[in-house]
Amino acid sequence: MPMNAARFPLLNDYQRDFPLVSRPFAAIGAAQGLSEAEVLEQYRHWQQQGMVNRIGAVFAPRRVGASTLAALQAPPERLEWVAGRVSAHPEVNHNYAREHAYNLWFVATAPDALRLHAVLAAIEAETGCPVISLPLVEEFHIDLGFDLTGGGARRQPVAAVPSLEQPIELTREEQGLMPVLQEGLPLEPQPFRALAYRAGLEEGRLLALLGQWLERGILKRFGVVVRHHELGYTANAMCVWAVPEGEVSALGERLAAEPGVTLCYRRRPMAPHWPYNLFCMIHGKAREEVVELRRSLGERLGLDAFPNELLFSTRRYKQTGARYAPQAPRADADPLRQAAHG
């Protein structure tokens, strides 16, 4: 996909470290030699083209609420219908068909474990397909952005982050902020003021809370969330291995540090249906590119000594931000914004 070199940093560099200031698009423009209007116009264009999902918060898994990766085996002739039923649940934020007997894979998030269990049970009842749930145990590299430069530089060594047994308890003020963040920033000059109004907060207080959430690890990042397929990365595969429990953490840390590995984590296996506990994602512009990187990783890291599978994605049914809270009702427009646009 052709990309204006002068505008490329807006897409790549601000997936993390997005400026948490009153006029963030003006701050980005000042850093990139563009006007605030030019920055906003570019992000609006990318969003309309589907290359940018949203600009906003990416919550760390299992720091708040409850989440899991789940899969089911849909009869091929019913796959489209089953996928539609799964995607209809607002708690499902990612839903992909993959080349495997377990041919539908989705991520579900909910305010708590009880609600998450109810969602999975409802999906089973609606579709008639048993669901396997594979909760996170350790994260090695999860959603720190998608490097569009080709991943040529080796990443810094990573340390495993264990999943919390109990999510972080948020204050009432913080709970009120979560639902308004889920849709992302409005693409206007003072987007945080609009969110603050909906959350019943002062803008400065909202910005302070976002900074604190990043420091506390509640948020993985705040910034541009891209869609890899629309950016030319049309081949993606989930790679899985069944590694002895005593070795999985060390191997996971090594695997996560490899260029080209976009996600890497340890999940609880579900015997006898799913014996695999080490997962990574590889995205590429061609299937052969992904296959070669997977072959190289398995050989160099000794991963081929363990049972493994390669699951290519064949269709994306849903890709949205995680929803840990019910959607916030739309309040009347901020009167200051009305005046500014009137």
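User: Where is Asp17 found?

Analyst: Asp17 lies in the loop between α1 and α2. The model is a predicted one, in which local features need pLDDT of at least 70 and side-chain atom pairs count only at pLDDT 80 or more, while totals for chains, interfaces and linings use all residues. Residues are numbered from 1 along each chain as its sequence is written, and side-chain values use heavy atoms, with hydrogens and water left out.

User: Why is Asp17 called exposed?

Analyst: Its relative accessible area is 69%. Buried means under 20%, exposed over 50% and partly exposed in between, with a 1.4 Å probe and protein chains only. Asp17 is therefore exposed, at 69% against a limit of 50%.

User: What is the phi of Asp17?

Analyst: Asp17 has a positive phi of about 60° although it is not a glycine. Most residues other than glycine have a negative phi, and most peptide bonds are trans. The peptide bond from Ala271 to Pro272 is cis, with omega near -5°. Pro272 is placed in the loop between β10 (261–267) and β11 (278–284).

User: What makes Pro9 buried?

Analyst: The relative accessible area of Pro9 is 16%, and the limit for buried is under 20%, so Pro9 counts as buried. Pro9 belongs to helix α1 (residues 8–12). Leaving aside neighbours within four places in sequence, Pro9 is in contact (heavy atoms within 4.5 Å) with Tyr14 and Gln32.

User: How many helices and strands does the protein have, and what are these elements?

Analyst: There are 11 helices and 12 strands. Both are DSSP runs numbered from the N terminus: helices are H or I with at least four residues, strands E with at least two. Of the 342 residues of the protein, 51% count as buried.

User: Why are α2 and α3 called roughly perpendicular?

Analyst: Helix α2 (residues 24–32) and helix α3 (residues 36–49) pack at an angle of about 105°, with their axes 8 Å apart. Axes are lines fitted to C-alpha atoms, for helices over the stretch in contact, and angles run from 0 to 180 degrees between N-to-C directions. Angles under 35 degrees count as roughly parallel, over 145 as roughly antiparallel, 65 to 115 as roughly perpendicular and the rest as oblique. The angle of about 105° therefore makes α2 roughly perpendicular to α3. The contact is made by Phe25, Ala26, Ile28 and Gly29 of α2 and Glu36, Val39, Leu40 and Tyr43 of α3.

User: What makes α7 roughly perpendicular to α8?

Analyst: These helices pack at an angle of about 100°, with their axes 8 Å apart, so α7 is roughly perpendicular to α8. Phe192, Arg193, Leu195 and Ala196 in α7 meet Glu203, Leu206, Leu207 and Leu210 in α8.

User: How do you know that the buried residues of α8 are on the same side?

Analyst: The buried residues of α8 are Glu203, Leu206, Leu207, Leu209, Leu210 and Trp213. They cover an arc of only 160° around the axis, which puts them on the same side of α8. The arc is that of the directions from the helix axis to the C-beta atoms. These buried residues pack against β1 (52–59), α6 (172–181), α7 (191–199) and β8 (219–226).

User: Which residue follows α8?

Analyst: Gly217 follows α8, and its phi is positive, near 80°.
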